[in-house]
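Subject: Structure handover

Hello,

Here is the structure I said I would pass on. My notes on it follow below.

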Amino acid sequence: MKLSFKKHEKELLIFLAVVTVLLRLLFLGYSDFYGDETKTFYQDKTIPAKEFLLDQRKGPMQFLVVWFTEKIIGGYHELWTRIPFGIAGVISVFVLYLLVKSLYGWKTGIAAAYLFSVSGFFIAFSRTIQYQSILILFGLSGILLFVKYVNQCKKKENCVLLLLSAISFSASLLCHYDAVFFLIPIFYLVIRNKLKFIPILVYFVAPFLLVASVFYIPYYTGGYFEDNTVNYVLRRMTGGDFSLNNSLYTYLVYNRTILAFYIFLVPFVLFFIKIKEKCMKLQLFWFISALLIYELVILNPGTHIYIYVIPLTIMCGYSFVEIYEGISDRVGLKLANVLAVFVISVTLVNSLFIYVPRINTGYPWNSKISTKYHLYLYGFPYNRSWRELRKYFESKEGVRGIYTNDNDTIAQYYLNGIDYTPPGSNFLPQFYIHVNNPQEFFIKDVNFNKVYKDYYEKEKEFTQGGLVLAEVYRLKGSSNTHW
């Protein structure tokens, strides 16, 4: 029996909610802070807040959210500081559902929202203190509000929806420049529906520019854009100072199984063979525009490819429903149901084992990740006892230098106030922290491991579940660190 609204939509929404919350919020505070997370912290209060917010490569939203959380909890906490971003990730799934439902019906909404929920990118963004989950929430909300405005235009214009859409898009742009790609569907809807220009200008364009300009005008006129962003964007576009980019490899690292690729490829091909609704061209226009820019103009897009994965997800959800609805015989329908359960089970279990601590077995840090390509990895479970390491060194007196094979930014955050320095030609730090399966997928300092390590002796191990996470080595002999 095929799905019906009364019998299955609510049950599927409950299932979707459980899956979404588990993947995004379960053991959210387990992982040590990533380097990029610590860069959102307003730690040096001697710097004026305005200067701190402007002197960045992106909009102020993530910094404001973190600062607000810090005010509430009195500091930075791996769980509570991440909570707003995790909640934004959860809500985004249901905003996507409402958006797709308003365009193509509830079945397509459920299918697209599920694919979105178990997608590695969107889980990872929700489990880290980064702008993406908030940007996506406001971007999708802006499109949803605009679609509702378009639908109501057939009866009577509701400019409040336009205004709310504009504010939502402004908030998205105040997260990052990626938000401009969420305006592509808006542009398409305006042209396709031949909407009146004056209401769009007064209630959408003007408020959008007004809110966004509060930050971006001083950001540009103050020279922050030129100092912080121009060179970075140029390096991204040219691929300079980066390893080779491979977007497909990046996608598969975040989603792991080849099924995660085919789950998009097969329906995507079928989408072009069997496209019925003209409104689906909106998603195609959105997808192709973002794809061309991020793959042809920007040579190192990294995880920013999530921008075109979103419309791709919607198209695939649409295609799955089209395939399912096209099955008429009972045997074929039973096979389709079995296949659907199989795909749902595999993708869910796959995502649980990748992103949920206690279930995850160490991926990707203990896996063979190619160092040929430039990868930005975050959102994966990562705990190397840095909180405990901090307490350990705080209990000591006269610590005169620490170094580690782990990420420098992580070490410097957790060891803030303690002398952190690499070995030099005539200097060795007093302590060396060796982390097993560090975030660096290469030996950060070959000389230290091959030459300097003989000068140290193991002093302490930090374990979890019988596994050694980190080891502390102390310089042998005299406390004098010069040699």
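Glu78 lies in the loop that runs between helix 4 (61-73) and helix 5 (83-104). Please keep in mind that this is a predicted model. With a relative accessible area of 8%, Glu78 is buried, because buried means under 20%. Its side chain makes a polar contact of 3.3 Å with the side chain of Arg387. Leaving aside residues up to four places away in sequence, Glu78 touches Leu28, Gly29, Ser31, Phe33, Arg387 and Tyr414.

Next, helix 18 (386-394). Its buried residues are Trp386, Leu389, Tyr392 and Phe393. These residues lie on the same side of helix 18, because they cover an arc of only 110° around the axis. What lies over them? The cover includes strand 1 (402-404), helix 19 (408-414), strand 2, strand 3 (456-464) and strand 4 (467-475).

Four strands form an open sheet with mixed pairing, in the order 1-2-4-3. Strand 1 and strand 3 are at the edges and have a single partner strand each, so one side of each is left without a neighbour in the sheet. On average, neighbouring strands of this sheet are turned by 20° against each other, direction ignored. In general, strands of a sheet pair through backbone hydrogen bonds, either parallel or antiparallel. In which sense do strand 1 and strand 2 pair? They pair in the parallel sense, over three bridges. Thr404 stands opposite Ile433 in strand 2.

- Tyr363 and Pro364 are joined by a cis peptide bond, with omega at about 0°. Pro364 is in the loop between helix 17 (330-355) and helix 18.
- Phe27 is not a glycine, yet its phi is positive, near 55°. Phe27 sits in the loop between helix 1 (5-25) and helix 2 (35-38). At 36% relative accessibility, Phe27 counts as partly exposed.
- Asn437, also a residue other than glycine, has a positive phi of about 50°. The loop that holds Asn437 runs between strand 2 (431-435) and helix 20 (446-450). Its relative accessibility is 37%, so Asn437 counts as partly exposed.

Regards

Terms used. Residues are numbered from 1 along each chain as its sequence is written. This is a predicted model: local features need pLDDT of at least 70, side-chain atom pairs count only at pLDDT 80 or more; totals for chains, interfaces and linings use all residues. Side-chain values use heavy atoms; hydrogens and water are left out. Helices (H or I, at least four residues) and strands (E, at least two) are DSSP runs, numbered from the N terminus. Buried means under 20% relative accessible area, exposed over 50%, partly exposed in between (1.4 Å probe, protein chains only). A polar contact is a pair of N or O atoms within 3.5 Å; within protein, one must be able to donate a hydrogen and the other to accept it, and residues adjacent in sequence count only if both atoms are side-chain atoms. Contact means heavy atoms within 4.5 Å. The arc is that of the directions from the helix axis to the C-beta atoms. Two strands pair if DSSP finds at least two bridges between them. Axes are lines fitted to C-alpha atoms, for helices over the stretch in contact, and angles run from 0 to 180 degrees between N-to-C directions.
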